[in-house]
Amino acid sequence: EVRRAGGKGGIWVEEVDVARAESIDTFFERLKRSGLRPTHLVNNAGTMASHLAFTPEGIEANLATNCYGALRMGDHMAELMAPGGVVVNTVSLTCRFGRFPPRAAQDGSRTYRGTYRRLQAYADSKLLLFVETARRVEAYRRRGIALHAADPGVVSTGMLRMGCWFDPLTDLLFRPFVRTPRQGAQAALR
């Protein structure tokens, strides 16, 4: 698909679990050894976990994927980028409803207190990503790397499925009015 769209050069495919620091670090070491120098990174991996879950490192799943993984990947890639490089973190308007610090991170990653609510956990993770992205902008700028936050809006992906009785209604009444994945990608590309 990349080649059909006019992509030039070789395509290198790697599997990376952005929820796990070890996976990101292993990928980064392979990339360093390859000699490739990334010029752009779009951190678009995301999750809205349906239940409280933790990574093997003990980090709540939404925070691990939506925030810490994106930040770690961006920081690593910026090390390899020449001035003029660009890192884009995908944030969400839902961060307006997030709590800071996120409940899952207040007393250590495994001390999530209260009832787990997937939308709240997602909003918390996106707020922390937004705050941490803003905190890093100046350090990236000093290295000649642009760091941006982009909100794709509501995009018709599997993340909209809640595994609830109303999913068919959502598909019928809501999905026709949200952005396609191609439209959602435009914010990061701009």
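**A salt bridge and its surroundings**

Guide: Let's start with Arg 99, which counts as partly exposed at 29% relative accessibility (buried is under 20% relative accessible area, exposed is over 50%, and partly exposed lies in between, with a 1.4 Å probe and protein chains only). Before going on, a word on the ground rules: this is a predicted model, where local features need pLDDT of at least 70 and side-chain atom pairs count only at pLDDT 80 or more, while totals for chains, interfaces and linings use all residues. Residues are numbered from 1 along each chain as its sequence is written, and side-chain values use heavy atoms, with hydrogens and water left out.

Back to Arg 99: its side chain meets that of Asp 124 in a salt bridge, at 3.4 Å from N to O (the rule asks for a side-chain nitrogen of Lys or Arg within 4 Å of a carboxyl oxygen of Asp or Glu). The two residues are 25 apart and link distant parts of the chain, with Asp 124 in helix α3 and Arg 99 in the loop between β2 and α3 (helices are DSSP runs of H or I with at least four residues, strands are runs of E with at least two, and both are numbered from the N terminus). Asp 124 has a relative accessible area of 2%, so it counts as buried.

Stay on α3 for another pair. Glu 138 and Arg 142 also meet in a salt bridge, here at 3.9 Å from N to O. They sit four residues apart in helix α3, so about one helical turn separates them. Glu 138 is partly exposed at 36%, and Arg 142 is exposed at 59%. There is a network as well, with salt bridges linking Asp 75, Glu 132, Arg 135 and Arg 136. Elsewhere, Glu 22 pairs with Arg 20, their closest N and O atoms being 3.5 Å apart; Arg 20 is partly exposed at 27%. The count of salt bridges by this rule is 10.

Now for what α3 rests on. Helix α3 spans residues 118-142 and packs on the sheet, where it touches β2 and β3 (contact means heavy atoms within 4.5 Å). Its direction makes about 160° with that of β3; axes are lines fitted to C-alpha atoms, for helices over the stretch in contact, and angles run from 0 to 180 degrees between N-to-C directions. Helix α2, residues 61-80, lies across β1 and β2 and runs at about 175° to β1.

The sheet itself is open, with three strands in the order β1-β2-β3 and parallel pairing (two strands pair if DSSP finds at least two bridges between them). β1 (40-43) and β3 (146-150) each have a single partner strand, so they stand at the edges, with one side left without a neighbour in the sheet. From one strand to the next, the twist averages 15°. β2, residues 86-90, pairs with β3 over five bridges, and Val 86 stands opposite Ala 146 in β3.

Two residues around α1 show how the chain folds back on itself. Val 18, in the segment before α1, is buried at 16%. Leaving out residues up to four places away in sequence, Val 18 touches Ile 24, Ala 45, Ala 64, Thr 65, Gly 69 and Met 73. Arg 37, in the loop between α1 and β1, is exposed at 52%. Apart from neighbours within four places in sequence, Arg 37 is in contact with Leu 80, Met 81 and Ala 82; the C-alpha atoms of Arg 37 and Leu 80 are 5.7 Å apart, across 43 residues of chain.

Zooming out, the chain has five helices and three strands, running α-β-α-β-α-β-α-α from the N terminus. Of its 190 residues, 38% count as buried. Among contacts between residues at least 6 apart in sequence, 73% join residues at least 24 apart.
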